[in-house]
Amino acid sequence: MDVVRELVAHEETPRHPEVIGRPPREPVPDTRPGPEQPQRYVVPGLRGHTRLVAGMVYANRPWRLFGSLSRALAGVFATATVLFINSATWNLATALGAVQHAVITAGSAVALTLWIIVDHQLWERGTHLPARHHPLYPYNLVTLVTIALAVVVLAAALFATLVAVSFLLLDASVLRKFIGRQVGVGDYLFLAWFITAIAMIGGAFGTSLEGDEKVSDAAYGRRQRERQRMLRQMPRPERGERRGPDTTDG
């Protein structure tokens with residue numbers, strides 16, 4: 001919008017973006033190559049950091065992550081298919097309670113999130129970066145939240161799909177024969193819930209078949225991908241003095 005306004009109306013003052021933070025009191029040194037030095041802003045307090053992290057997570061579009069990872073989706077749905085037609089799964093899923101299902105789901109979601117971050121080296125370390133680089137906690141926090149939200153979206157979509165499929169394909173009389181009692185709506189929901197939790201482990205195996213670059217491109221927005229490419233091109237001297245105030249690029 002600002003580019004169009006400048007071209008059409010010859011207005012050079014940006015109106016659309018709202019800057020999060022304030023200019024630093026002292027100039028902040030920059031390690032990026034090139035003559036142009038970016039503007040930097042100090043993020044004030046918890047509210048400013050929350051807005052910054054939320055904006056960075058939104059820019060990464062976590063709901064689109066697994067849509068770009070075909071092998072991960074194949075692992076999830078292949079595992080879900082095998083479990084869905086297994087009578088032992090029916091007995092176990094309908095025998096467990098809600099608390100047990102919740103614990104299994106939380107454990108599998110955490111495992112998948114950590115597996116993606118560790119296996120594809122998405123967690124940034126200070127020893128891998130140039131001296132006087134930004135503090136790493138906003139970037140690592142954004143990575144953790146982005147992957148976790150993507151896992152939650154995947155689990156919700158898979159659960160909804162399995163509920164619909166179970167009601168359409170799994171007859172109550174067949175299910176009753178194996179579990180030995182009357183079948184209710186809750187049994188179908190618990191079955192879909194259980195399969196969703198276990199299928200997330202299959203997703204972990206699927207993500208292992210994806211390349212690191214592909215996962216990184218799927219997990220991050222354009223600005224973060226540019227930053228990572230820039231860091232890979234920069235020399236990596238011994239870590240020096242860390243920056244004082246928390247700053248963000250403008």
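User: Is tyrosine 58 buried or exposed?
Analyst: This is a predicted model, and the answer holds for that model. The cut-off for exposed is over 50% relative accessible area. Tyrosine 58 stands at 59%, so that residue counts as exposed.

User: What kind of aromatic pair do tyrosine 58 and tryptophan 63 form?
Analyst: The ring centres of tyrosine 58 and tryptophan 63 are 5.8 Å apart. Stacked needs under 30 degrees and edge-to-face needs over 60, so the rest is called tilted.

User: How exposed is tryptophan 63?
Analyst: Buried would need under 20%, and exposed over 50%. Tryptophan 63 is partly exposed, with a relative accessible area of 45%.

User: Which residues have the most contacts inside the largest nonpolar core?
Analyst: The largest nonpolar core has 39 residues. Helices α3 (70-84), α4, α5 (98-119), α6 (137-169), α7, α8 (185-208) and α9 (212-219) each supply at least two of its residues. The residues with the most contacts inside the core are Leu65, Phe66, Leu112 and Ile147.

User: What is leucine 112 in contact with, leaving aside neighbours within four places in sequence?
Analyst: Leucine 112 is among the residues with the most contacts inside the largest core. Leaving aside neighbours within four places, its contacts are Phe66, Val151, Leu154, Met200, Gly203 and Ala204.

User: How many residues are in the second core?
Analyst: The second core is separate. Its members include Leu52, Val53, Met56 and Val142. The count is six residues.

User: At what angle do α3 and α6 pack?
Analyst: The axes of α3 and α6 are 12 Å apart. Their crossing is right-handed. The packing angle is about 35 degrees.

User: What classes of residue make the contact of α3 with α6?
Analyst: From α3 come Leu73, Val76, Phe77, Ala80 and Phe84. From α6 come Leu154, Leu158, Leu162, Val165 and Ser166. By class, that is nine nonpolar, one polar and no charged residues.

User: Where is arginine 61, and what is its phi?
Analyst: Most residues other than glycine have a negative phi. Arginine 61 lies in the loop between α2 (45-60) and α3. At 42% relative accessibility, arginine 61 is partly exposed. Its phi is positive, about 50 degrees.

User: What is phi of glutamine 121?
Analyst: Glutamine 121 is in the loop between α5 and α6. With a relative accessible area of 65%, glutamine 121 is exposed. Its phi is positive although the residue is other than glycine, near 55 degrees.

User: How many helices and strands does the protein chain have?
Analyst: Along the sequence the pattern reads α-β-α-α-α-α-α-α-α-α-α-β. The total comes to 10 helices and two strands.

How values were computed: Residues are numbered from 1 along each chain as its sequence is written. This is a predicted model: local features need pLDDT of at least 70, side-chain atom pairs count only at pLDDT 80 or more; totals for chains, interfaces and linings use all residues. Side-chain values use heavy atoms; hydrogens and water are left out. Rings of Phe, Tyr and Trp (its six-membered ring) pair if their centres lie within 6.5 Å; planes under 30 degrees apart count as stacked, over 60 as edge-to-face and the rest as tilted. Buried means under 20% relative accessible area, exposed over 50%, partly exposed in between (1.4 Å probe, protein chains only). A nonpolar core is a set of buried Ala, Val, Leu, Ile, Met, Phe, Trp, Tyr and Cys residues joined through side-chain atoms within 4.5 Å. Helices (H or I, at least four residues) and strands (E, at least two) are DSSP runs, numbered from the N terminus. Contact means heavy atoms within 4.5 Å. Axes are lines fitted to C-alpha atoms, for helices over the stretch in contact, and angles run from 0 to 180 degrees between N-to-C directions. A crossing is left-handed if the near helix is turned anticlockwise from the far one by less than a right angle, and right-handed if clockwise. Ala, Val, Leu, Ile, Met, Phe, Trp, Tyr, Cys and Pro count as nonpolar, Asp, Glu, Lys and Arg as charged, and the others, Gly among them, as polar.
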